[in-house]
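Hi,

Here is the structure I promised to pass on. Have a look at it, then read on for what turned up.

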Amino acid sequence: MYDTISPEESTIERLTRRIKARIKPIVLRLAHFAFRVLRKSRARHFARNIAFTCLPFKARFRLTVWFRHFFNHGALDRHFVFFCGPFVKAHLDWILHGPFTRRHADEVAFYLLLAGYRTEALTVFRGVTQQKSRGVQGVDPFGNGYSMDLLTQIHTLNWSKLAGSSPQLRTFVRLMLEHRNFQYEERIFDGRVEAEQVSPDVLAAEYIPYFFRDRDIVDRLMKDLGLRDINGVIGRLEEGGHQWEQLPERTIDRQLAFDVYLFYAYRHLLLRTYHFGEGDLVPLVYTRCMDTQRRLRRSLPSPSRELKRELDRIGTELSNVRLLSPDWSALIGHNGHLNVHLMMRKMGWWSGQPVLLAYNERIANKPFLSLFSDICPTLTLGDEGVSPAVWHELASLTPFLGDSHQAFQFKDGHSVYWNDAGSMALQQWERENRGFPLRDIYDARLRVDDRVETLYQSLRQKWGLGPDDWFVCLHMRDAEARGETLGTGESIRSATIGNYLDTVRFITDQGGWVIRMGGRRAPPLPEMPRVVDYARCEDQVPEMDIHLMRRARMFIGTTSGFAYVATSFGIPTAMVNALSSVGLLWSKDTRFSLKPVHTRDGRLLSLSDVTSETWRWTFPTYETVQAAGLTVSESSADEILETTREVLDLSSGAPPVIKPVDDAWEKCVNIPGFFGSSRPSRYFLEKYSASLLNRS
């Protein structure tokens, strides 16, 4: 229970150490008890005022820091600003270089921020090199209004020191990469929503002044996006005493910091506009975001020696890097997007050296992601051999080098939602017969190491498949697997089991098997012969998720990420219960059946409608669909069955009996290549031809 005692210590020193070790927890308990008592006492305000009035500056400063350190509470914050703030400048040398700051760097940095000394706060952070940081107390990086001040300058930090010694700043970077760098602003906006001052789905022209706290940023966003404050939001806010913020004038390279702030604001708006029915703004938002990044690239920081060595190993320079964030690896569907993104590079749609950053514990399927290592260098934080310092240094350069997962800009400056570009790219790739790179990599590895094939053969025997039995992989997107509430959010793309049962019976009647894929929380299938509910069985492992798809005769899926594994491997696919606002990465051996969408007056939306700027941005969530007055139904049992029948025929290897529809349907699609290289199933198109092909 005691610290190690060196033999050179005297008896008195040893006794002193032991007494301190025993007394410290007792003192802490007494202090916490006194704090709880004082909080309930009417005298607390008097005692606090007396202390701050009578004590000298250094004592007031220490008191505030100690209080936050021991209690992780902000009860003294306002008093610090009033009684200490005006005198910080006169004591900066003592604050920045004293031993007190080295012991309590997190808290000191916090109070420097609170007093408006952003640059000095960063100096304290840069000095955090040797001490052990607690990681739970001190500064909450995104819990206060100064987080953006820090975020605009993290690229200047010495990550070789901080990556190992500051959990707070590692958390800071993680939240930034997860698009959570406006938590302070979100809390204030949510408060306005609760107070019924603003609607949660307010359009961008009002959202921007209500949400962002920096007046210069608000003015710039409104101007660059061509938005007008026609409802007078800014005037009402100022009349109500709203206090705008701005980057302090003494910020190092203030214009550069402003552009970093602006970059993150645009990145936030990319997500906001799409999810709240304003996807038509995405191209302009992304164009402005890329304009900002080009300005930033002119001031790209020089890499550290350690990063330079890593770039030399990859064979590139920092200015040539196209940084791919953990977004690209966190979901298996995003891995499919990454596959097409790299196809774009191969076809000359973009240039540069891609470098993927990933978190070890946030990879959807490691065996699948590993297929990219030969064509895209991947740095996974937590893996042996990957330097945390290099990883965080690169992550801090996101505004300068980051490639968006939401949008894509062509070389001529034209911007679109990323999936719209991806679907066009896949169409060109297949038109040029460029093959399936990931499938080739997978098969080559399998020839070297066949352990997963051995496991697969043993599972076939366990499940009862004969040596010549074929099977179909089935995946139904369900709300439970992703912890969603049915009838809210993105569960608009989910489907229930009932309408699939006729299709399952058809496949088994043809002599096949059905292997149901998905997450372990997926609702169970009813007991049926020749059906394996793999999603819920003990045999599920990431390697087999991929191998089963590689060995399947065909795949039945929907607009969920897992479908892109089939596309990447060239597996014939029946896409049913499909619904999307953005382009779909579907291959030429795919046939689809969309979810029927009806207006209030009962009219079925046509292919022209569902790919129009008028309607398609209403599909992201249940809420946006309802706001547009639309009703979304599931694919009927006959539509699922007949779409599957066509693809099963296609997958036989013989000339298909069911002829694909001709190209006339594509004339009704407003977004070029929206459905990739796929075609609607003949049955689906003929069933709804009068409505689907209507271009009025």
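Which residues in helix 25 meet which residues in helix 28? On the helix 25 side they are R439, Y442, D443 and L446, and their partners in helix 28 are I546, H547, R550 and R551. Sorted by type, the residues of this contact come out as three nonpolar, one polar and four charged.

Keep in mind that this is a predicted model.

Now for how those two helices sit. Two packed helices are described by the angle between their axes and the distance between the axes. Helix 25 covers residues 437-448 and helix 28 covers residues 542-551; their axes come within 12 Å and cross at roughly 105°. Angles of 65 to 115 degrees count as roughly perpendicular, so helix 25 is roughly perpendicular to helix 28.

Is N419 buried or exposed? It counts as buried, because its relative accessibility is 8% and the cut-off for buried is under 20%. Leaving aside residues up to four places away in sequence, N419 touches H337, V582, G583 and L585.

And the overall picture: the chain has 34 helices and 15 strands. Of its 696 residues, 55% are buried. If you take the contacts between residues at least 6 apart in sequence, 68% of them join residues at least 24 apart. The chain exposes about 31,300 Å², with carbon and sulfur atoms supplying 52% of that.

Cheers

Key. Residues are numbered from 1 along each chain as its sequence is written. This is a predicted model: local features need pLDDT of at least 70, side-chain atom pairs count only at pLDDT 80 or more; totals for chains, interfaces and linings use all residues. Side-chain values use heavy atoms; hydrogens and water are left out. Helices (H or I, at least four residues) and strands (E, at least two) are DSSP runs, numbered from the N terminus. Buried means under 20% relative accessible area, exposed over 50%, partly exposed in between (1.4 Å probe, protein chains only). Contact means heavy atoms within 4.5 Å. Accessible areas come from the Shrake-Rupley method with a 1.4 Å probe; for residues, only the protein chains shown count as cover. Axes are lines fitted to C-alpha atoms, for helices over the stretch in contact, and angles run from 0 to 180 degrees between N-to-C directions. Angles under 35 degrees count as roughly parallel, over 145 as roughly antiparallel, 65 to 115 as roughly perpendicular and the rest as oblique. Ala, Val, Leu, Ile, Met, Phe, Trp, Tyr, Cys and Pro count as nonpolar, Asp, Glu, Lys and Arg as charged, and the others, Gly among them, as polar.
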